[in-house]
Amino acid sequence: MIVLFLLFIYVQSFVTKPIVRNSIQLSDAFNTNEQKPPNTWKLLSQAFKDKARNWFIKRAIKTGVPWHDLTDYYEDNQRILKMIKEVSENKYLEYPLYYKQPFHGYEEGNLNWKAACEVEAATLSISSTYYDTNPFLSQDYMRFNVTQHIDHYSQETYNTHYTQSILDAGSSTGISTEYLYKSYPQCKSIHGIELSPYFNAVAQFNVKQKKLPIHHVHGNIENIPFENDSFSMIVCSFVFHEIPSEVITKILKEYYRVLAPGGILAIMDLDPDNLKKNLILNQFRKWAFEVTEPHIYKYYQYDMFGNMNKTGFKLLKKVKNDPLNCVWLGTK
Ligand SMILES: C[S@@+](CC[C@H](N)C(=O)[O-])C[C@H]1O[C@@H](n2cnc3c(N)ncnc32)[C@H](O)[C@@H]1O
């Protein structure tokens with residue numbers, strides 16, 4: 001998570017600071033080696049990684065994120081979290097190669113407790129500088145923008161915003177799922193599906209603590225453990241930029257399968273057009289950007305509309321969500 005945070009901090013600085021130089025071409029930044037993290041990450045010394053980590057935490061705190069309060073809360077509840085993981089984990093799941101590599105600054109990617117305990121603080125940091133307000137309100141704006149876009153789309157397409165069943169795909173510790181619940185409290189069923197058993201345990205812990213009618217499932221969005229036509233809405237936020245492109249295509253097909261006819265798919269993520277424009281950077285920023293997200297280059301090139309269309313989604317639309325992210329919408 002720390003490097004997700006790093007990514008956003010850097011990218012935020014791209015949109016808020018003037019471009020320093022333009023000698024680096026976008027093509028220089030493309031790295032086609034999809035299964036491995038950039039070598040530079042592996043070469044970094046532990047001392048450097050620790051330094052970078054402390055810098056990013058300090059920076060989060062400076063923007064108003066109560067980093068230690070948020071992470072201590074989950075550290076203090078380790079015993080119960082471990083028990084929840086024990087009963088909720090699908091021990092037969094096989095983790096794809098892209099998921100087991102060092103990622104977001106953690107040697108075991110999302111498959112560890114440290115990352116799970118830091119998700120909430122790091123997620124809050126993502127949008128903490130998007131708007132001129134505190135990180136909590138900033139996150140509210142970013143998240144509720146997504147559901148407003150979905151509502152507008154639903155209204156113009158089907159003349160209603162009522163939705164019966166929602167799947168939050170790649171739900172992490174359930175932050176995005178909880179926002180969906182707040183936006184659609186009348187919805188009959190809300191599920192989150194997440195591949196990290198650690199993140200899923202935190203999500204289950206939180207819904208129990210807050211008594212929320214949300215169901216979290218440990219699973220892979222490449223093979224969603226639900227029948228055809230199960231959901232009237234699927235929301236997938238901040239997932240695709242972390243996944244190899246051929247897997248995104250596979251996942252789109254899976255979304256199509258589990259979405260009911262007339263249902264809506266909303267994909268929220270970094271806007272490649274926006275980022276491409278801002279990727280003319282100095283060497284250091286380019287390196288810092290590359291080192292954080294192993295699949296980002298292919299993601300920029302990914303033809304979301306073309307692939308949504310090929311999968312069968314129709315009435316496609318793309319809208320700006322906030323300074324950095326967009327939402328792609330489609331229906332079945
Ligand atoms: C950056 S987080 C976004 C979480 C959340 N949707 C949000 O908006 O805050 C991406 C999540 O997708 C999960 N993920 C990645 N690949 C996945 C897969 N194949 N199946 C299920 N979850 C996956 C990651 O573990 C991570 O928790």
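Predicted model: local features only at pLDDT ≥ 70, side-chain atom pairs only at ≥ 80, totals over all residues.
Biologist: Does one call Leu265 buried or exposed, and why?

Modeller: A residue is buried if 20 or more other C-beta atoms lie within 10 Å of its own. Leu265 counts as buried because it has 25 C-beta neighbours inside 10 Å. For the protein chain as a whole, 42% of the 332 residues count as buried.

Biologist: How should I read a nonpolar core, and which residues of the largest nonpolar core touch the most other members?

Modeller: The general idea is that, in soluble globular proteins, nonpolar side chains tend to be buried together. Here the largest nonpolar core has 43 residues, and those that touch the most other members are Ile166, Ala169, Ile234, Tyr255, Leu265, Ala266 and Ile267. Strand E5, residues 259-270, gives the most to this core, with six residues. As for Ile267, it touches Cys236, Phe240, Met304, Val327 and Trp328, again not counting residues up to four places away in sequence. Apart from this core lies another, of 20 residues, with Phe56, Ala115, Cys117 and Ala203 among them.

Biologist: Turning to helices, at what angle do the axes of H6 and H11 cross?

Modeller: Two packed helices are described by the angle between their axes and the distance between the axes. The axes of helix H6 (residues 78-88) and helix H11 (residues 197-210) come within 8 Å and cross at roughly 110°, which means that H6 is roughly perpendicular to H11. The crossing in which H6 passes H11 is right-handed. On the H6 side the contact is made by Ile80, Leu81, Ile84, Lys85 and Ser88, and on the H11 side by Pro197, Tyr198, Asn200, Ala201, Val202, Gln204 and Phe205. Sorted by class, this contact has eight nonpolar, three polar and one charged residues.

Biologist: And how do H8 and H11 cross?

Modeller: The axes of helix H8 (residues 113-126) and H11 also come within 8 Å, crossing at roughly 45°, so H8 is oblique to H11. H8, too, passes H11 in a right-handed crossing. Trp113, Ala115, Ala116 and Val119 of H8 make the contact with Tyr198, Phe199 and Val202 of H11, and by class it has seven nonpolar, no polar and no charged residues.

Biologist: Lastly, how should I read a backbone angle, and what is the phi of Asp229?

Modeller: Most residues other than glycine have a negative phi. Asp229, although not a glycine, has a positive phi of about 60°. Asp229 lies in the loop between strand E3 (214-218) and strand E4 (231-237), and it counts as partly exposed because it has 14 C-beta neighbours inside 10 Å. Leu315 is not a glycine either, and has a positive phi of about 50°. Leu315 is found in strand E6, residues 314-320, and with 13 C-beta neighbours inside 10 Å it counts as partly exposed.

Notes. Residues numbered from 1 in each chain as written. Axes fitted to C-alpha atoms, helices over the stretch in contact; angles between N-to-C directions. Helix = DSSP H or I, 4+ residues; strand = E, 2+ residues; numbered from the N terminus. Parallel < 35°, antiparallel > 145°, perpendicular 65-115°, else oblique. Left-handed = near helix turned anticlockwise from the far one by under 90°. Contact = placed C-beta atoms within 7 Å. Nonpolar A, V, L, I, M, F, W, Y, C, P; charged D, E, K, R; others polar. Core = buried A, V, L, I, M, F, W, Y, C linked by C-beta atoms within 7 Å. Buried ≥ 20, exposed ≤ 12 C-beta atoms within 10 Å, placed from the backbone.
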